[in-house]
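Try each task before reading its solution.

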Amino acid sequence: MTEQVPQQERIPGQQASGNTESTILQAGHDIRINALGPVERAVAVSVAPPLGRRDPATPLRGRAAVLDELSALLDPSQYDPAVSRVRVLHGLGGCGKTSIALDLTYFAAERGIDVWWVSAVDAITLTAGMHAVARRIGASKDELLHGDAPDVLWRRLDAYGRNWLLVVDNADDPEILASGTGRLHNGQGWVRPHTHRTGLVVVTSRDGNPDTWGTWCALRSVGMLDNADATRVLLDYTADRAGSATEAAALAHRLNGLPIVLRLAGAYLADTTMSPWPGDDAITSFAGYLNALDDGRLDIYDGDGSGIGRSWELSLDLLARQGIPQVRPLLRLLSCLADAPVAYSIILDPQTLTASPLATLFEGLDGNVLWRLLKSLANLCLIDLSEPVRASSQRLLRVHPLVREASRHHLNKPDGQITDYVQGAIALLHRAVETGLTGAPEWPPAWPLWQAISPHALHVARTASAMVELTPHVIGQATGAAHLVARHLRSRGQFATAEAEYRFLLDVQGRVLGADHPLTLATHHSIGGVLHDRGMLTEAEVVWRTVLQLRQQALGEGHADTLFTRHGLALVMHDQGKLPEAEAEWRAVLLLRINVLGERHPHTLATRHSLAGILHQRGQYEEAESEYRRVLEIQREVVGSSHPDALATRHRIAVVLHDRGELAQAEEEFRTVLELRRRVLGEDHPHTLATSHGIAVVLHGRGEFGQAEEEFRSVLELRRRVLGEDHPHTLETRFKFALTLMSLEQLGSAEAEYAMVLRARVRRLGEDHSETMAVRLALEELRTLSSSRHPASAKAGEARGADVAEAAVDLGGEGLRPEKWCTGST
């Protein structure tokens, strides 16, 4: 039955003021002053639950836990006075809060519990509904005319003799529940704490701010469905008419488990798959719906204005009415970043925004206002804010993927200001990476920050590259930030990924900035560095010679960047076995670096380190160790004992100790370096693997072949996965592994390993390279042994192969690249 409740009535000449909902008596009329709109006479409401909206054919999925929790509160036998009997279901618009409440009312009605459903969409409808509930439980019209209607309602509810459930739906502006009594959390409004043993209040709201509700409310977040439940939602609508469960799961994943969007998709496909004439442009399968979403043919965010995007826009409208209109541009700005967690304390900056093309939208923004904006968006579940789990962790936010897409949808409209927003995002990222906030991308303590920034810098650079209206300066900022991210990827051993990013950036920078622009040259140089890291020496040499010519022309012979490239070319010469040429180049670079950068600069130390390696390869072990130790002493003072540069030098000292026959000292040093590298760089970093390889070499040299074989096998597996089958370091470990198998008299396995290494080295280094000759000699000796099966031949063959290979193998495992650590450009 529909209740007719007097609403606001305007009396000619009447002057009155009040809160959103206040009552005065005037000439026998019940006059309510609504601060949000004009006074009108009557509103028709029903407080019966809208059970007709439930469809048994499409049951509620994935909400069993919350329904069990709420249902238990309706059981008198489980009454606990310490448990709150006011529950707030909060979450993103469209996440299914109302559906949960609706299933709960169905459960309650089946058990004879009195159920009332009140809409809180606005103050007038809420008041009318609450009046209707009060009358249902015995309050008279006169009782409700005296301004204390909430008190009247709750006196009646507390004394009510039957079990009851009161649902207050869509309370997205919770303060209207206060009913003019101040703040809602004071507990004096339409919703308040109560002591009825079998009464339960359930409120649905987008606002999950605990400060709004008070400690007497129990908040229950309603999130997205997991993919299994989301898939079942789609199949409930379509059975098997729209495709397989696997295809439904793919679409459910794309829709991110948001119930309202799943229902929209399911209902659409149910209709098209049942229609005998669906139309040429109709979508009739899960796969087709997914493809239409991905290529932009399907608009679930706006359409005729009733799409899901409109639901979230209403949330932003609410915040704007509350005096914080900047939430909308902030959400639009966040949507320009990648679909990944945002380290907001590093990336977001009020001063940068107020100086950007978005300045008018963020006028007056400061840190306090920005924090309020973020909390407001989080309270409406438009973003998730996570607190750091450790002091060193970052504060992160995450925009729900569909909210992000809906915001981008608005930006892509003709008047969406997407250019301004992208420039704002570029300015924020440029500030974050260029002002020292993040530290160097190669420095491991800074890696968590770079890991958080990386997806956003790369995403924004790709977005900017397609926007012809952006100036070269802005493109430079965007690609410069992405270049630093690629350096970070390279420092973590992700060579293939880093190379792909560098090549993308080189294309953009060359097209927009020119081939001889400093940023373009830095990226071009970095491609040579990552090719060298991947063991592609010929390709690296070609790149670096091109860059060297350009840098000599643009910057001059003595410029630090020019010397940078010369040092890289010397590395290639060294690794190609051209030791005299490499030494001459490094000595020339060293003199210039001392003059330009100083004796203690990391780049100068890098060249000294490389020259110590030349001494090492000549067998001048004492001189090499002495030089390494002098370099290490300066590194400890300049960059610290745990810096990758210092650890690289300690690794080389351990190699010298091994080659001098001091195996116990070598193993001790290797194990110390390994522990530090695992902590600083990680288990799978190429430099960590180099030290593990060194330990295996020592074990082999001490005759502990079983342990050496186990260690080599482990390193080989990791190097194959991290570096690739044909990387020089992978081949080096495979060669040593074969030597160990030979020592264990596993001749067939050893021969197979040698053969693989030989083919790869011939292909990469040529027939006459020392490393190629080493493996050929070892293979010949093994085949001689296999034919004679004489143990002495095994030892002789192994020794001769090892003598030829030892320097190349152990030294090739890792060379110091301080430029890579300090600037990522070698």
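This is a predicted model: local features need pLDDT of at least 70, side-chain atom pairs count only at pLDDT 80 or more; totals for chains, interfaces and linings use all residues.

**Exercise 1.** Find the residue in β12 that is the bridge partner of Ala343, then work out which strands stand at the edges of this sheet.

*Solution.* Start with the pair itself: Ala343 has Leu396 as its bridge partner in β12. Next, look at the two strands: β10 and β12 (residues 396-399) run antiparallel and are joined by two bridges. Now widen the view to the open sheet, where three strands follow the order β10-β12-β11 with antiparallel pairing. β10 (342-343) and β11 (383-386) each have a single partner strand and stand at the edges, so one side of each lacks a neighbour in the sheet.

**Exercise 2.** Decide how many residues of strand β5 are buried, and which strands pair with β5.

*Solution.* Begin with the side-chain directions.
- Val86, Val88 and His90 point one way from β5, while Arg87 and Leu89 point the other way.
- In a regular strand, side chains alternate between the two faces of the sheet.
- Buried means under 20% relative accessible area, and five of the five residues of β5 (residues 86-90) are buried, so the strand is largely enclosed by the rest of the structure.
- Strand β8 (residues 199-205) pairs with β5 in the parallel sense over five bridges; here His90 stands opposite Ser205.
- Strand β9 (residues 218-221) also runs parallel to β5, joined by four bridges, and Ala218 in β9 is the bridge partner of Arg87.

**Exercise 3.** Take the salt bridge between Arg462 and Glu501 and explain what it ties together.

*Solution.* First, the distance: the closest N and O atoms of Arg462 and Glu501 are 2.8 Å apart.

Arg503 is partly exposed at 41%, and Glu499 is buried at 10%.

**Exercise 4.** Is Thr463 buried or exposed, and which residues does Thr463 touch?

*Solution.* Locate Thr463 in helix α17 (residues 447-465). Its relative accessibility is 18%, so Thr463 counts as buried. Leaving out residues up to four places away in sequence, Thr463 touches Arg408 and Val422.

Conventions
Residues are numbered from 1 along each chain as its sequence is written. Side-chain values use heavy atoms; hydrogens and water are left out. Buried means under 20% relative accessible area, exposed over 50%, partly exposed in between (1.4 Å probe, protein chains only). Contact means heavy atoms within 4.5 Å. Two strands pair if DSSP finds at least two bridges between them. A salt bridge is a side-chain nitrogen of Lys or Arg within 4 Å of a carboxyl oxygen of Asp or Glu.
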